[in-house]
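Let's go through a structure together, feature by feature.

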Amino acid sequence: MTLRITILNGPNLNLLGTREPHIYGLTTLGEIEAMCAERARALGITLTFRQSNHEGVLVDWIQEARESADALIINPAAYSFRSVALVDAMKALGKPVIELHVSNIHARDELHRHSITSSAATAVICGLGPYGYVAALEAAVHLAKRG
Ligand code: CA2
């Protein structure tokens with residue numbers, strides 16, 4: 001069966017490439033989605049790519065992934081540092097979850113350093129810039145095949 005990977009993006013990531021390029025670079029989320037779609041085609045997998053600024057919507061999408069995906073990649077953005085709701089939803093998924101950040105959160109200020117959602121992730125990728133999404137896609141396929 002064709003593997004299904006869902007990528008979810010949290011608040012303000014729709015602004016990627018438009019502001020704060022010294023931290024997040026110049027690549028837009030649309031360009032990242034196109035890169036992922038191209039890689040997904042080459043890998044022969046089905047990709048769902050979404051962004052929301054709303055915590056509850058992200059929780060709904062994580063729950064939906066219990067049925068619709070074999071692995072989840074999530075950039076929870078600012079919710080990484082405060083959302084117990086996302087932690088609970090990620091823990092309840094029962095599938096591999098990769099937490100992803102464009103920047104190296106460990107080299108950031110105190111506010112952006114300690115992700116609580118990482119405790120619910122199978123693996124964490126950060127600091128690779130937009131390429132992190134492609135790396136996460138390949139890693140998610142590996143984890144999903146491993147079961
Ligand atoms: O590096 C990442 O991917 C982050 O998840 C991005 C979040 C930040 O809160 C995390 O610490 C690390 C912020 C996303 C907001 O992106 C913006 C892009 C341009 C302008 C303003 C915000």
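Predicted model: local features only at pLDDT ≥ 70, side-chain atom pairs only at ≥ 80, totals over all residues.

Q: How do helices α3 and α4 pack, and at what angle?

A: Two packed helices are described by the angle between their axes and the distance between the axes. Here, α3 (residues 55-68) and α4 (residues 84-92) pack at about 5°, with axes 9 Å apart. Axes are lines fitted to C-alpha atoms, for helices over the stretch in contact, and angles run from 0 to 180 degrees between N-to-C directions. So α3 and α4 are roughly parallel (under 35 degrees; over 145 is roughly antiparallel, 65 to 115 roughly perpendicular, the rest oblique). Helices (H or I, at least four residues) and strands (E, at least two) are DSSP runs, numbered from the N terminus.

Q: Which residues of α3 and α4 meet?

A: From α3 come Glu55, Leu58, Val59, Ile62 and Arg66, and they meet Ala85, Leu86, Ala89, Met90 and Ala92 of α4; contact means heavy atoms within 4.5 Å. The residues of this contact divide into eight nonpolar, no polar and two charged (Ala, Val, Leu, Ile, Met, Phe, Trp, Tyr, Cys and Pro count as nonpolar, Asp, Glu, Lys and Arg as charged, and the others, Gly among them, as polar).

Q: Is Asn9 buried or exposed?

A: Asn9, in strand β1 (residues 4-9), is buried at a relative accessible area of 0%. Buried means under 20% relative accessible area, exposed over 50%, partly exposed in between (1.4 Å probe, protein chains only).

Q: What does Asn9 touch?

A: Not counting residues up to four places away in sequence, Asn9 touches Leu29, Phe49, Arg50, Gln51, Ser52, Leu58, Asn75 and Tyr133. With Tyr133 there is a side chain to side chain polar contact at 2.6 Å (a pair of N or O atoms within 3.5 Å; within protein, one must be able to donate a hydrogen and the other to accept it, and residues adjacent in sequence count only if both atoms are side-chain atoms).

Q: What is the phi of Asn12, and of Glu20?

A: Most residues other than glycine have a negative phi, and most peptide bonds are trans. Asn12, not a glycine, has a positive phi of about 75°, and Glu20, not a glycine either, has one of about 50°. Asn12 sits in the loop between β1 and α1 (21-24), and Glu20 is in the loop between β1 and α1 too. Glu20 is partly exposed at 42% relative accessibility.

Q: How many disulfides are there?

A: A disulfide is a covalent bond between the sulfur atoms of two cysteines. This structure holds zero, with a disulfide taken as a pair of cysteine sulfur atoms within 2.5 Å. The closest cysteine sulfur to that of Cys36 belongs to Cys126, 17 Å away, which is too far for a bond. Cys36 is buried at 0%, whereas Cys126 is partly exposed at 22%.

Q: Where does Ser80 lie, and what is it in contact with?

A: Ser80 lies in the loop between β3 (71-75) and α4, and is buried at 0% relative accessible area. Leaving aside neighbours within four places in sequence, its contacts include Glu99, His101 and His114.

Definitions and conventions
Residues numbered from 1 in each chain as written. Heavy atoms only, no water.
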